[in-house]
Amino acid sequence: MPISYCVSAKKASVVVESVVGNFTGNDHVNLLVARGNRIEVKLVAPEGLKNLCEIPIYGQVLTMALVKGKRDTRHSLVVITEKWHMAILAHRDGKTITRAAGSIADQTGRAADNLFSLTIHRNGLIAIRAFEGSVKMIQWESGTDLRHFNVRFDYPNVSDFKFIDTGEDDVYRVAFIFDDDHGKHLQFSDLNMQEKEFHTHLRQASIAADSSFLIPVPSPISGVIVLGPNSVLYKSSEHDGDVVPYTCSLLDDTVFTCHSIVDRSGERFLLSDIDGRLMMMLLNVAEGSSGRSVKDIRIDYLGETSIADSVNYIDNGVVFIGSRLGDSQLIRLMNVPNGESYIVVLETYSNIGPIRDMIMVESDGQPQLVTCSGAEKDGSLRVIRNGIGIDELASVDLAGVVGIFPIRLNSTSDNYIIVSLAEDTHVLQITGEELEEVQILQIDTDIPTMFAATLFGPDNSGIVLQVTEKQVRLMSSDGRSQFWEPTNGEAISKVSANTVHGQVIVAARDFVYCLSCIVDEKGELEIRLLAEKQCHEEIACLDISNEGDNSTNPATFLVLTLWRTFSMEILQLPDLKTVCQTDLPSKIVPRSIVATCIEDVHYLLVAFGDGALVYYVFDIVTGTHGEPKKSSVGTRPPSLHRVRNKNRQHLFVCSDRPVIIFSSSKKLVFSNVNVKVVNTVCSLSSRAYRDCLVISDGSSMVFGTVDDIQKIHVRSIPMGESVLRVAYQKTTGTYGVCSSRTESKYERVFASKNAVATSQSKPKINTTRTDINDTSRPSFSSFMILDQNTFQVLHSHEFAQYETAVSVISGQLSNDSNTYYIVGTGLIYPDEIETKIGRLIVFEVDDVERTKLRLVQDLVVRGSPLAIRILNGKIIAAINSSVRMFEWTAEKELRLECSNFNNVCALDLKVLNEEVAVADVMRSVSLLSYRVMEGNFDEYAKDWNSEWMVTCEFITAESILGGEAHLNLFTVEIDKSRPITDDGRYVLESTGFWYIGELPKVMVKATLVAQPDDISIEYSQPIMFGTNQGTIGMVVQIDDKWKKFLVAIEKAIADSEKNSMHIEHSTYRTFVFDKRQEPPSGFVDGDLIESILDMDRSAAIEILGKVSDKGWDPSLPTDPIEILKVIEDLARMH
């Protein structure tokens, strides 16, 4: 049985929590951001936020906070995970250490219904309210296990719970909000550490009914601020203390989400609300006979940000906005407003979570994921691809281009382009955005140009070098020139140059020449031959470089390959003495070679005529190189070119599958480019085209800017409203999007309100409800048609209030050549637990005038169609507790054909051949088979475990991957060895359990990367899933012979270093559902295995040397270096 390899193609991007303090040093200011199962540690530097390290956490971070003990000079970090594991972390000598750790779970306790609260006393005592009826107090010392005790706490409906700073270390005063039959109250209680009980200190009865947040005010002011939807209240913790209420129009219907203290004195606080508004709260403090007291409160509006779940004032007006529903931001608060806003966004951090829906789309032959991400005003579509996009700025129809060379002649920017065709050369002058053909200097335009550049620059140079097959031509802007031809009388075949220092290497058949271009004090030009060497075979390709591959330094070595011996030589410059010679691993002729340095690692890359590319790690000191690593970059001979993007050097591979090669964590990454064919390329930076590339596909030249160089690229399409579902229709080139918007009194840009065309509809039912008591803001749902390229909203179809679009699919129906969008809606009333009425609506987009959306048919159904699929041209819908099939008649009407009712609530459907997998909210997964002849469903297999499902996907026709609501994955398979049950069904037997710590919202059979031909470990059945934390995960099936191999590697890495939570890896990945626990099985932790690639190579090999090969298939590698190659191949799948 294959084993499931589970790995993150894109890690979690939702910000769970963020804090600011001095974690890495006494004088450091650090921002710590929790995302999923890791914590990013950033240092606040003059140039901005600098990434210092990343702390992996065995668990999903629930919350975190900073703590400083009495004798500490810097902060430690308290981390609590979803499974109630807790650790206190510190940073010492450049490493993260665990000062204390343990479990805080109550074996008999029931989790609190409406609040989890972590609060820390000024002397380091930690209080956690997580379980009903008690508060857990945690005392800790460095290097020991956590010690904790429970304090009885029987207050109902607690909204918030915080320690109050009284200025005294031995006074443990808490404030909390609770409500009873008499209303909502604020109470202060003192903890008696000997009796381990709370004693009431004072109570402020009947505060605002919707009060929900407490903000402790530091001593000497002390006390607490209570935040509610329409008011703010300050209350001193003393019996005769002040009570200061405050309200204003700014607070009308405001639901606060988070806050941050600005001053240590506690006079200014930042507040953020559910509309993304950022406000400053100021306490007017006066000195009195009893100390400092609050006399008045003022709140000012600062501007709008993403909807914040955490806000941190860093320093000097810089604030971090951490968001779950949108992109996180780094902003600066200005003294002078720009319009009505005091906010300037310094940096935006992309967040694709929470992912509500996800589909796979082919675009220009390249797969990409389209997700429904975020919510409310931060709702968006995200286009995710493994590769790099080139955004076209301009194009020129010019066929047959074989070389493009930018020229910067007496200028600080590129002002000419020399374009070489198969028969001749053209010189184009760049004037603004226009190109004009000209003749400059003595450039030979009658034959093709092999190389051209300005020398001794890059800026304000008047010297131009041109190399043709006949000669090397050196020319100056004052009319002087000098030419050189090979002494062996052969044509020049290859050339490489260091343009800053005038070094030129040319090859003429089997001869290689080292030339130096010189300009003397009088401006006279000279091409000086420094050395020549005859090789024993014709030279296939060559390149020159130096330490760091820095063009501002002279080239120090030459690397070349030979035709018939298939060998590579490294020669030192300028004497051309051979330093190293090696045989290439392929007997195909090498066509291009580059010696480069990226992230301080030197590489030799050789491209072969069959589209293969081999690269070596090169030791420039000893002149030796490591073992070759192979990749495929096309099916035709590729060529390698150095390009620059945002002042960083990368490699562009021109082929029929163009690739940009860059480095991440000192590992080469091959990223696809969103163009089909590239014959040649160059970097260009003119006044009109800054920091762009010029590429040719053989028929035209395209000027374009490059996306940020990264492995996974995300494009954001803001919608301004919650995006619920998405489908793609290839025939019309459109996306169908279901959305929901909440009306706001603030100015908003809703995508559904900015469509080219609009329409409306409502259910055709006899009665509508008029007795709804709903005081919330009205919401409206729409179905929109978007252009697949521009994402312009072509048409928006709006539904009546309370009718929400919950599902959509595109496809062809039986006996109909048209392609339709089928949308499922439900009448969702706020006071109803289950939807009673819904619709199936068939829409058709006009394939000529795409702004026209025609409602072809709508059918009222008894419930909400939560999932829709198409099987054999018929519609299958999960409607409440039933799965129903509808056929499409010749009259273009939907007619019910058959139903299956054996569900509590069917949430998701997947179709494979004639089978349907049904994910039920409580009854796990079942398999239905559609009997064509009988026209009905047969439930032929079922999982009898009670899994609370969210989504599922077929692995094969007899095995299913499921995602359930308690943050787990599992696999089931039809067990044909067991007898069929009395009702004629097979059992879906559990074959795997796995805890991921995030809610898997959607699964699709897809992959962003095609399986490489030369991979050492094959995989199959790739499934990608999206989570509420913004993770895009991938599960693939690997043959059973690799099972013990992968499990042994996983164990060796897990055992090599104790995790910061001080728990076993198996404990972390244990499947947990209420009181039920299943040990992890059937899965392998790809994230853990691939983490070894981020380690120092010698440390990684040492760990792999300890892997036990007991029971392995004898054909599998046992050498640590070979094992590392397998892991590198695994990392290439995503």
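Leaving aside its neighbours within four places in sequence, which residues is Glu947 in contact with?

## Glu947 and its surroundings

Glu947 is in contact (heavy atoms within 4.5 Å) with Asp920, Val921, Met922, Arg923, Ser924, Glu964, Phe970, Phe993, Phe1071, Phe1073 and Arg1076, leaving aside neighbours within four places in sequence. The model is predicted: local features need pLDDT of at least 70, side-chain atom pairs count only at pLDDT 80 or more, and totals for chains, interfaces and linings use all residues. Residues are numbered from 1 along each chain as its sequence is written, and side-chain values use heavy atoms, with hydrogens and water left out.

The loop between β80 (936–942) and β81 (949–956) holds Glu947. Glu947 counts as buried because its relative accessibility is 0%; buried means under 20% relative accessible area, exposed over 50%, and partly exposed in between (1.4 Å probe, protein chains only). Its side chain makes a polar contact with the side chain of Arg1076, at 2.9 Å. A polar contact is a pair of N or O atoms within 3.5 Å; within protein, one must be able to donate a hydrogen and the other to accept it, and residues adjacent in sequence count only if both atoms are side-chain atoms.

Helices are DSSP runs of H or I, at least four residues, and strands runs of E, at least two, numbered from the N terminus.

## Val344

Val344 is in strand β30 (residues 341–349). Val344 counts as partly exposed because its relative accessibility is 37%.
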